[in-house]
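Visitor: I would like to be walked through this model with a few questions, taking a loop, a helix pair and the core in turn.

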Amino acid sequence: TNPEYLAQVEERLNVFLSQNAGIEKKDIPVDLITASGGGLDPDISPKAAFIQVSRIASARGLKKEKLDSLVAHHIHRPLFGLLGTETVNVLELNVAMDNLR
C-alpha cells in the first residue's frame, strides 16, 4: 500500500527486464524485485537464480550448462526436507563462479 515502495518495485522490474532479454514480466520471481526487511538478505530462490543464468553466463564467459549445474549444486534444501524453503546463497555462488577461472 506504500506508493513509494511500489514505485521502487516497478523500477526494479523495468531494470531487470531491460537487462535480461527474452524474459517476460510474469516469469520474474518476486524476490528479485522486492527487498527483505533489512534489504540485506543473502539468499534468493532457485527460480531467481536460474532466471539469471543466461545473462550471467554471458557476462562471465561461462557455458550456460556449467552455470546451471553450479546453481543446482548450491541450492540449500529445507531443514529435514520440511522446514523453510529452498534458497541459493548469492555470495557462495559468486565465490564458486570466481573459483572456476
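**A loop residue, a helix pair and the core**

Guide: In this predicted model, Gln 52 lies in the loop between H2 and H3.

Visitor: Is Gln 52 buried or exposed?
Guide: Beyond its neighbours within four places in sequence, Gln 52 is in contact with Phe 16, Asn 20, Leu 32 and Ile 44. Its relative accessible area is 12%, and because buried means under 20%, Gln 52 counts as buried.

Visitor: How are H3 and H4 oriented to each other?
Guide: The axes of H3 and H4 come within 9 Å and cross at roughly 120 degrees, and H3 passes H4 in a right-handed crossing. Angles of 65 to 115 degrees count as roughly perpendicular and those over 145 as roughly antiparallel, so H3 and H4 are oblique.

Visitor: Into which classes do the residues of the contact of H3 with H4 divide?
Guide: On H3 the contact is made by Val 53, Ser 54, Ile 56 and Ala 57, and on H4 by Lys 64, Leu 67, Asp 68 and Val 71. These residues divide into five nonpolar, one polar and two charged.

Visitor: Which residues touch the most other members of the largest nonpolar core?
Guide: This core has 21 residues, and H1, H2, H3, H4 and H5 each supply at least two of its residues. Val 88, not counting residues up to four places away in sequence, touches partners including Ala 49, Val 71, Ile 75 and Leu 93. The residues that touch the most other members are Ile 28, Leu 67, Val 71 and Val 88.

Terms used. Residues are numbered from 1 along each chain as its sequence is written. This is a predicted model: local features need pLDDT of at least 70, side-chain atom pairs count only at pLDDT 80 or more; totals for chains, interfaces and linings use all residues. Side-chain values use heavy atoms; hydrogens and water are left out. A nonpolar core is a set of buried Ala, Val, Leu, Ile, Met, Phe, Trp, Tyr and Cys residues joined through side-chain atoms within 4.5 Å. Buried means under 20% relative accessible area, exposed over 50%, partly exposed in between (1.4 Å probe, protein chains only). Helices (H or I, at least four residues) and strands (E, at least two) are DSSP runs, numbered from the N terminus. Contact means heavy atoms within 4.5 Å. Axes are lines fitted to C-alpha atoms, for helices over the stretch in contact, and angles run from 0 to 180 degrees between N-to-C directions. Angles under 35 degrees count as roughly parallel, over 145 as roughly antiparallel, 65 to 115 as roughly perpendicular and the rest as oblique. A crossing is left-handed if the near helix is turned anticlockwise from the far one by less than a right angle, and right-handed if clockwise. Ala, Val, Leu, Ile, Met, Phe, Trp, Tyr, Cys and Pro count as nonpolar, Asp, Glu, Lys and Arg as charged, and the others, Gly among them, as polar.
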